[in-house]
Amino acid sequence: MELEKDLQSALENNQFYIVYQPKWNVKTNRLYGFEALLRWEHPRLGVISPAEFIPITEETGLIVPITKWILEKVCHQCITWQTQGELQPVSVNLSNRLFQSGRLKDMVQNALEKANLKPHLLELEITESMVFYDVEDIILQLDSIRALGVRISMDDFGTGYSSIGLLDRMPIDTLKLDRLFTNDLDTPRKRAIMNAIIVMADDLQLDLIAEGVENEEHIESLTQLGCYLVQGYFYGKPMKVGEINKLFFNLN
Ligand code: G
Ligand code: G
Ligand code: MN
Ligand code: NA
């Protein structure tokens, strides 16, 4: 396949870049960190969505060196932002494939050490579906990463292979509520479910962040229920570093 061939040289040809989407604390009205999202600028086809090319990199194994690059890039960026004041954690998305490589912990540790970044400023996002395989092994790897001080978050929570039982076993710090939830708080039933998730997250001492917050109504229903951490187009799309610097830091 053509994309597959092009992906082989994309890293060395500097065709990847990272965009950052702000996370917001509605209660304090302050930045709560960023999510790093990968972009590929294809020389002919333009920007291609990770939804399209990440699966290919997972099959070929290219996701391993790509994620190594992302981790190094993000840690380095965090150091720059840190000089501008107090920084909140920046999260990086992981693929299941990383756990199979057996090199994830070393990769994370090396990236932190290379940049000299405090581990708690890095968060790794995993999804419920990836935990479906080799749960025991993934838990061990996550434990060793978490022992470094790095935070772990469960992405897309509430959809797919949603399993409450898994929450009991997974070493995580944050729950990211899938945007389908945020977009769907229009009945008492749905709000009751959301309320239960909020209470549970609170009791388990997990941060709970709602994704896909696009308008005032979303914020209103979430905050009424007691969910104050949000991410979505309302507070900012994923943006290039230059734009983030202008909006959130005194850098240009
Ligand atoms: O903005 P968005 O189009 O970035 O993301 C589409 C999908 O690609 C999402 O499921 C997102 O988690 C995933 N994704 C984005 N960046 C990365 C990345 O760096 N690594 C992995 N594994 N997935 C990513
Ligand atoms: O799977 P994950 O949650 O990592 O993917 C994040 C995806 O959600 C990215 O594609 C990102 O661009 C997208 N996204 C971020 N904020 C919003 C939003 O407010 N609405 C919608 N529809 N998508 C969003
Ligand atoms: Mn994510
Ligand atoms: Na998500």
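I counted Ala, Val, Leu, Ile, Met, Phe, Trp, Tyr, Cys and Pro as nonpolar, Asp, Glu, Lys and Arg as charged, and the others, Gly among them, as polar. The model is predicted: local features need pLDDT of at least 70, side-chain atom pairs count only at pLDDT 80 or more, and totals for chains, interfaces and linings use all residues. Residues are numbered from 1 along each chain as its sequence is written, while chains are lettered from A and ligands numbered from 1 in the order in which they are written.

I then listed the residues surrounding ligand 1: Leu-37, Leu-38, Ser-49, Pro-50, Ala-51, Ile-54, Ile-70, Asn-93, Leu-94, Ser-95 and Pro-238. For this I took a residue as near a molecule if its C-beta atom, placed from the backbone, lies within 6 Å of it. Strand E2 (30–42) and helix H2 (50–60) each supply at least two residues of this shell, and H2 gives the most, with three residues. Helices (H or I, at least four residues) and strands (E, at least two) are DSSP runs, numbered from the N terminus.

**Ligand 2 shell.** I found 13 residues around ligand 2, of which Asn-93, Gly-212, Glu-214, Gly-232 and Tyr-233 come nearest. Asn-93 also belongs to the surroundings of ligand 1. The shell around ligand 2 divides into four nonpolar, four polar and five charged residues.

**Helix H5.** I looked up the span of H5 (residues 104–115): its twelve residues reach 17 Å from first C-alpha to last, close to the 16 Å expected at 1.5 Å a residue. The expected span is 1.5 Å times one less than the number of residues. Leu-104, Lys-105, Val-108, Ala-111, Leu-112 and Ala-115 are buried. These residues lie on the same side of H5, because they cover an arc of only 135 degrees around the axis (the arc of the directions from the helix axis to the C-beta atoms). On the other side, Glu-113 and Lys-114 are exposed. A residue is buried if 20 or more other C-beta atoms lie within 10 Å of its own, and exposed if 12 or fewer, with C-beta atoms placed from the backbone.

The buried residues of H5 pack against helix H3 (63–82), helix H4 (96–101), strand E5 (122–127) and helix H7 (135–146); contact requires C-beta atoms, placed from the backbone, within 7 Å. Just after H5, Asn-116 takes a positive phi of about 60 degrees.

**Whole chain.** I recorded twelve helices and nine strands in the protein chain. Buried residues make up 35% of its 252 residues.

Notes: Contact = placed C-beta atoms within 7 Å.
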